[in-house]
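Please look over the structure below and read the briefing that follows. The notes are grouped by topic.

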Amino acid sequence: MTSPRFRWPGRLLLILSSTVIALALTEGALRAYYWSRGVGRADLPELLRLSQQGPTELVDARSVFGIVQPSPFPDVVYELRPNLSGRFRGAEFATNRFGLRGPDTTRSKPAGTLRIAGLGDSHMFGWGVGQEETFLALLAQRLGQRGVEVETLNFAAPGYNTAIEAAVYDRKARHFDPDLVVLHFVGNDLGLPHHLQPPRQLQPSDWYLVESLRTLFADRGLDGELELLPHNLRRLPVAERHAARGRYAYMVGEEGYRRAMAKVAQATQRDGVPLLILLQSQRDLVSAVAAEHQIPVLDAAPDFFAELKATGDTSRAAWKATFRIPKDGHPTVAAHRAYAACLEQALAERGFIPSTAAGTVANR
């Protein structure tokens with residue numbers, strides 16, 4: 001009989017070999033899965049086509065891959081897929097037949113209804129909050145309580161900047177005959193949208209298992225998918241970022257922002273539709289450009305402070321904890337409430353809705 005002390009090397013070898021085989025099989029399965037979903041392919045149109053082919057019933061989508069598709073308009077580039085339903089980043093999510101996050105609607109405006117079109121990025125879109133928790137949905141609820149017949153159309157999509165938002169108005173939103181357009185400014189609107197930059201190319205020597213674990217534990221707050229139209233570009237090579245920036249140079253920087261604002265200002269003025277810029281705090285560039293085109297700027301900072309003051313803690317730490325999703329940075333439901341309150345007050349001050357008594361708003 002073999003002594004027990006001579007058995008453990010064989011057992012250890014068996015355990016090690018079994019582990020290696022299991023890891024190899026897992027790695028092979030991950031490579032097959034992610035290759036089918038576009039990992040390793042840096043061609044944006046191809047990734048968008050693959051995204052478009054995903055299921056319309058979302059179990060719990062974590063990234064924009066699967067909820068976006070190519071846009072028929074080159075200056076819009078990509079847009080939300082229509083008729084999606086399910087959950088996105090743990091929250092209820094759905095798009096209507098026009099690819100807008102929100103309830104179904106018609107292109108023609110119902111009589112006696114105040115129709116508000118929103119242009120923005122992942123903040124207005126409602127990254128990480130529920131279907132009825134975006135600030136446009138909350139605004140509609142607040143106005144409904146005043147007795148106002150209102151419809152808010154959310155044309156926002158994750159990653160958009162001001163240049164794309166201007167194109168979205170001209171290509172899409174204006175055809176819905178809005179009574180008011182709200183453009184939400186976020187600090188990164190001067191830069192290139194994250195999703196127009198190619199994902200980092202994984203090499204054959206890279207372990208997809210390691211990359212998957214890194215995405216799962218290190219970057220899940222921003223990505224949630226392995227290098228598929230990522231929202232976090234920290235590991236993207238600088239040369240690739242610069243190449244993408246050159247392709248879309250007309251969108252970025254101060255000059256890109258000024259061009260975009262001139263475009264959307266001229267388009268809304270041509271259509272006779274009032275335009276408001278919404279932001280959390282005043283920025284010199286935004287205020288200066290808005291003044292050039294006589295566009296009102298709404299600063300939601302006082303409403304954020306009022307929301308925070310109600311908690312009894314107005315510290316910087318409390319501000320971050322109250323208004324930013326942890327490990328993410330996108331607005332919480334509390335932040336969306338503050339934006340909705342700011343918009344409601346602005347609409348009352350500008351005569352779009354009754355300031356006190358309930359009533360309906362006729363077509364312009």
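Lys320 counts as exposed because its relative accessibility is 53% (exposed means over 50% relative accessible area, buried under 20% and partly exposed in between, with a 1.4 Å probe and protein chains only). The model is predicted: local features need pLDDT of at least 70, side-chain atom pairs count only at pLDDT 80 or more, and totals for chains, interfaces and linings use all residues. Residues are numbered from 1 along each chain as its sequence is written, and side-chain values use heavy atoms, with hydrogens and water left out.

**Lys320 and its helix**

- Lys320 sits in helix α11; helices (H or I, at least four residues) and strands (E, at least two) are DSSP runs numbered from the N terminus.
- Between the C-alpha atoms of Lys320 and Pro331 there are 9.7 Å, with the two residues 11 apart along the chain.

**Helices α10 and α11**

- The axes of α10 (residues 301–309) and α11 (residues 316–323) come within 10 Å and cross at roughly 100 degrees; axes are lines fitted to C-alpha atoms, for helices over the stretch in contact, and angles run from 0 to 180 degrees between N-to-C directions.
- α10 is therefore roughly perpendicular to α11 (65 to 115 degrees; under 35 counts as roughly parallel, over 145 as roughly antiparallel and the rest as oblique).
- Ala301, Phe304, Phe305, Glu307 and Leu308 of α10 make the contact with Ala318, Trp319, Thr322 and Phe323 of α11, where contact means heavy atoms within 4.5 Å.
- This contact of α10 with α11 has seven nonpolar, one polar and one charged residues (nonpolar: Ala, Val, Leu, Ile, Met, Phe, Trp, Tyr, Cys and Pro; charged: Asp, Glu, Lys and Arg; polar: the others, Gly among them).

**The sheet**

- Five strands form an open sheet in the order β7-β6-β8-β9-β10, with parallel pairing; two strands pair if DSSP finds at least two bridges between them.
- β7 (150–154) and β10 (297–299) are the edge strands, each pairing on one side only.
- On average, neighbouring strands of this sheet are turned by 25 degrees against each other, direction ignored.
- β6 and β7 run parallel and are joined by five bridges, and Ile116 has Thr152 in β7 as its bridge partner.

**Strand β8**

- Because five of the five residues of β8 (residues 180–184) are buried, the strand is largely enclosed by the rest of the structure.
- Leu180, Val182 and His184 point one way from β8, while Val181 and Leu183 point the other way.
- Four bridges link β8 to β6 (residues 114–119) in parallel, and Leu119 stands opposite Leu183.
- Four bridges also join β8 to the parallel strand β9 (residues 275–279), where Leu275 is the bridge partner of Val181.
- Helix α8 (residues 253–271) lies across β6, β8 and β9, at about 140 degrees to β9.
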